[in-house]
Structure formats: C-alpha cells, structure tokens
Amino acid sequence: MIIECPSCQSKYQYDEERFERKPSKKIRCAKCQKVFEIQNPAFATPAPAPAIEKLERTFTSKGDSTRTTKLPQETTDHSPLPKPDTDKQPMGLQLPPGKRLSLAVLDGSDAGTVYRIDKPRMTIGRANADIVLNDSESSRQHAAIEVRDTLYLLTDLGSTNGTLVDGQRITAPVELTDKSEFQIGTSTIMFIVTDEA
C-alpha cells in the first residue's frame, strides 16, 4: 500500500504485513520527521452512503407557523488514508538500474568496512544476516534494508537495542537517502548511492 505523510506529502510504500494484525501503526516520516498514524486497510470500515446535502426537519407549532431547522452534518471522516495514485502500481523489491548501493561503517568495531548491497532485501546483524557486524550490542538479525527501485527503506527487525535514525529509535520503516546515517548497536552506518561505473 502507498502511504503519504500528512505534513510534507512524501509518499512511501508500506507492506501491509507489517501491521502484524493491528488496526493501525505509528511511523515517522524520513523527510520531515513527523510521526503519524496509518490505518490497516484490513480493519477499514465500509464507506458510508453519500451524505445528504442538507438535512432539514420541519416543526409545526400551535399557531400554524412552520419553522425549518437544519440538522448538523456528520463530520466524521471515514477515509483513514489518502487514496493512492491509481495509475501507479506498488513497486516490488528490485535494485535500481545504473546505481550502486553500499553501506559504510563509520564508527564501531567494523569502522572502515564497506558492504555492497547486491540484492533488494538484505539483513544486518550479529549472526545469520546478509551483512554480519562484529558488534555485541546488535541483535542476530537486527535490521533490514529493502530496495524498491529508487525507494530505500530501513526496518528494525524487533531488535533488543533498537535501530536509531537521527538519535531516535525507529518503530516503522524509514526511507533512506544518499548519505543517510543510522545506528545499530555501537555501529554507525552510512547508506551510500552512487552511479554504476
């Protein structure tokens, strides 16, 4: 599903499975850092019938005079999410053509190491991960990078110590851009996008 930040209108691809059968989730916009709530479409209530333009009730008093009273309009918004662009299908996992994606460890025991992202979804962690860090503060499978063409998402995989972006623990996927930095355990990592030679 496509979600949109209500503050800066940045759009993100969000995997509905990440709702974990909950009716809503709070996520932080990678661009403006606004935290907003998104609704699980599986829990969406059916759309109400179109509202009647004006609801009026007529009262007749004892003296045959008739007065018309307008009833208040229903103001509840039943559309929890902005409608996605119908002409754009959700992007699948794929590496962008002509781009080289890398992770450079800036600080921590693996400082100076650069890892190439060579598949659309790569896990990062202490063990059994695509990118293994020599960091006792990281979980075995700590976080994942998902690449959907030119949309790069960082997701925490339920790690013990969390994944930090700008010093804040992330609770939902966060979009990365070139030179974005994040922290896993004691390691500070930079996401780098370059043109393929």
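Trainee: What is the strand order in the open sheet of five strands?
Mentor: The order is 10-9-11-12-15, with mixed pairing. Strands here are DSSP runs of E, at least two residues long, numbered from the N terminus. Two strands pair if DSSP finds at least two bridges between them.

Trainee: Which strands stand at the edges?
Mentor: Strand 10 (131-132) and strand 15 (174-176). Each has a single partner strand, so one side of each is left without a neighbour in the sheet.

Trainee: And how do strand 9 and strand 11 run?
Mentor: Antiparallel, joined by four bridges. Strand 9 covers residues 121-125 and strand 11 covers residues 143-148. Thr123 has Ala144 in strand 11 as its bridge partner.

Trainee: Before I go on, what should I know about the numbers?
Mentor: This is a predicted model: local features need pLDDT of at least 70, side-chain atom pairs count only at pLDDT 80 or more, and totals for chains, interfaces and linings use all residues. Residues are numbered from 1 along each chain as its sequence is written, and side-chain values use heavy atoms, with hydrogens and water left out.

Trainee: OK, His142. Where is it found?
Mentor: In the loop between strand 10 and strand 11. His142 is buried, at 0% relative accessible area. Buried means under 20%, exposed over 50%, partly exposed in between, with a 1.4 Å probe and protein chains only.

Trainee: What is His142 in contact with, beyond its neighbours within four places in sequence?
Mentor: Its contacts include Ile124, Gly125, Glu137, Asp156 and Ile184. Contact means heavy atoms within 4.5 Å. His142 and Asp156 are 14 residues apart in sequence, yet 6.3 Å apart in space, C-alpha to C-alpha.

Trainee: Switching to Asp110. Buried or exposed?
Mentor: Asp110 is buried, and it has no salt bridge. That would take a side-chain nitrogen of Lys or Arg within 4 Å of a carboxyl oxygen of Asp or Glu. The nearest side chain of opposite charge is Arg126, 11 Å away. For charge, Lys and Arg count as positive and Asp and Glu as negative; His and the chain ends are not counted.

Trainee: What does Asp110 touch, then?
Mentor: Leaving out residues up to four places away in sequence, Asp110 touches Val105, Tyr115, Val132, Leu133 and Asn134. Asp110 itself is in the loop between strand 7 (99-107) and strand 8 (114-117).

Trainee: Last one: strand 3. Which side chains point to which face?
Mentor: Strand 3 is residues 24-28. Lys25 and Ile27 point to one face and are buried.

Trainee: What does strand 3 pair with?
Mentor: Strand 4 (residues 35-39), antiparallel, over five bridges. Ile27 has Phe36 in strand 4 as its bridge partner. Strand 3 and strand 4 form a hairpin with six residues between them. In the turn, Gln33 has a positive phi of about 65 degrees.
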